[in-house]
Amino acid sequence: MVTTELNLDYLSPEFLENPYPTFAKLRAESPVVWDSKFHTGFSSGVGAWHIFKYADIQSILRDRQISSEMPPLELERYPAEAREIISQLFSITQKSILFSDPPKHTRLRSLVSKTFTTQIIEGMGLQIQENVNSLLDNWQNTQEIEFIENFAEILPVNVLSDLIGFPRKDYETINNWVKNEVEFLGGSPVSLELMYQSRTEFLNYIQEQILQHRQHLRKDLLSDLIMAQEEGYYLSDEELQGMIWLLLNAGYETTVNAIGNSIFLLLKYPEQLKLLRENLSLVETAVEETLRYEAPVQFIHRLAKNDFELQGNLIKAGQDIYAWLASANHDPDQFSESESLNITRPNNQHFGFGTGIHLCLGAALARLQIKISIKSILQRFPEFHLRTGGYKGKPSAIARGLKYLWLVF
Ligand code: HEM
């Protein structure tokens, strides 16, 4: 039985500026709620369940009966001339690791995990530090800097391009493709034609890179993925394409936003910044707390495979479910003083990277980049503050991050 209807304008400036009072009200009054209008690039139908409490989200994300697959495409819902484009757009998404269940997920995850191990990622620390140092060198004689464009957007691009093995010069173009993808997948209004063109160019580019790497293997992740095998099984070209497409989508804007959010939060809560400056060994718990407080991925999608009941609501097989990680991260039943930023917070089991079998594969890489960034900035610049009115959030329901952030030295 559907008890309540969620009536939320996800893109309203008030909600985007501060969604947390709305989440608090929803957790208290309607923690599981239906929205008949909501749809994103993950769902083919219109209408979905939204879940806001930590415990409910945890049980959904760890439940093998709940699927990560996308629902079958209902092409008849779309105008005839758009159907070809729609089915093409869904094709790669449907095949990627993020949208697959076991046993396919287990096989893909095991192959990619071989190349994406913690040791390899930790070994990138020096490279990340060099990147950060050279970016900060450029700030030396400036009195003001726009942080997102001049730092947060550059570091993950350089790191990912070096890791995967794509030329850095191509990343401005890749960045534009990824931005379109994030908006489309997150449910923002994006022209289908533009999306189709962007996706086609993006996939062609990846395919071209796969061909070049196959001809000439190097020391990079794409070459390792080409060579990775388990029991004689290799990734097909299509699977490789899906994997690289996902790594670029999942690993780029999330990290840009996480780096921007972390610096912004420290400036917004000066007593926490002071604490960190006095004791830089708190940087690791500080990173976790900023990821809890402003989750770069606000919600994730799941699909009900069977009927089940949640908080008195009947969720039917085939219905879309959105788990609001950002709300779970502020749930007072899980986090004491959940609305306060506390960089020393112990046992911070936030859902910034999700949980369960799809737990973020790039978490270690993202954490390393945020940690080195914060530490180096604080060490190099003993004093800086936020320019009055010098920030603006991105107009996206799914990706929480800043469009710009002006720092004054
Ligand atoms: C702060 C930055 C990041 C955040 C907040 C983040 C967040 C997430 C979340 C919430 C999930 C779970 C999705 C789900 O369960 O449906 C996820 C999965 C994933 N992430 Fe990240 N991510 C970040 C950085 C990265 C990076 C740097 C990479 C790789 C270069 C990456 C690659 C992936 C992949 C491949 C998955 C899918 C794993 C699977 O399906 O088994 N992420 N990420």
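Sort the shell around the ligand by class and you get 15 nonpolar, eight polar and one charged residues. Keep in mind that you're looking at a predicted model. Which residues come nearest to the ligand? Of the 24 residues around the ligand, that title goes to Gly251, Gly354, His358, Cys360 and Gly362.

Where does the shell come from? Helices H13, H14 and H18 each supply at least two of its residues, and H13 gives the largest share, four residues.

| Helix | Residues | Supplied to the ligand shell |
|---|---|---|
| H13 | 237–251 | at least two residues |
| H14 | 253–268 | at least two residues |
| H18 | 363–380 | at least two residues |

Let's stay with H18 for a moment. This helix has 18 residues and spans 26 Å from its first C-alpha to its last, close to the 26 Å expected at 1.5 Å a residue. Its buried residues are Leu365, Ala366, Arg367, Gln369, Ile370, Ile372, Ser373, Ile374 and Ile377. And what covers them? The cover includes H6 (118–122), H7 (125–137), H9 (155–164), H14 and H16 (283–293).

Now for the inside of the protein. In soluble globular proteins, nonpolar side chains tend to be buried together. Here, the largest nonpolar core has 102 residues, and Ile51, Ile321, Ala323, Trp324 and Leu325 touch the most other members. H13 turns up again, with eight residues as the largest share of this core.

Next, the strands. Five of them make an open sheet with mixed pairing, in the order S1-S2-S10-S7-S3. Why is one side of S1 and of S3 left without a neighbour in the sheet? S1 (32–35) and S3 (66–67) stand at the edges and each has a single partner strand, so there is no neighbour on one side of each. For S3, two bridges join this strand to S7 (residues 299–304), and the two run antiparallel.

Finally, a look at Asn204, which sits in helix H11 (residues 192–215). Is Asn204 buried or exposed? Asn204 counts as exposed because there are 11 C-beta neighbours inside 10 Å, and the cut-off for exposed is 12 or fewer. Asn204 and Tyr269 are 65 residues apart in sequence, and from C-alpha to C-alpha they are 45 Å apart in space.

How values were computed. Residues are numbered from 1 along each chain as its sequence is written. This is a predicted model: local features need pLDDT of at least 70, side-chain atom pairs count only at pLDDT 80 or more; totals for chains, interfaces and linings use all residues. A residue is near a molecule or strand if its C-beta atom, placed from the backbone, lies within 6 Å of it. Ala, Val, Leu, Ile, Met, Phe, Trp, Tyr, Cys and Pro count as nonpolar, Asp, Glu, Lys and Arg as charged, and the others, Gly among them, as polar. The expected span of a helix is 1.5 Å times one less than its number of residues. A residue is buried if 20 or more other C-beta atoms lie within 10 Å of its own, exposed if 12 or fewer, and partly exposed in between; C-beta atoms are placed from the backbone. Two residues are in contact if their C-beta atoms, placed from the backbone, lie within 7 Å. A nonpolar core is a set of buried Ala, Val, Leu, Ile, Met, Phe, Trp, Tyr and Cys residues joined through C-beta atoms within 7 Å. Two strands pair if DSSP finds at least two bridges between them.
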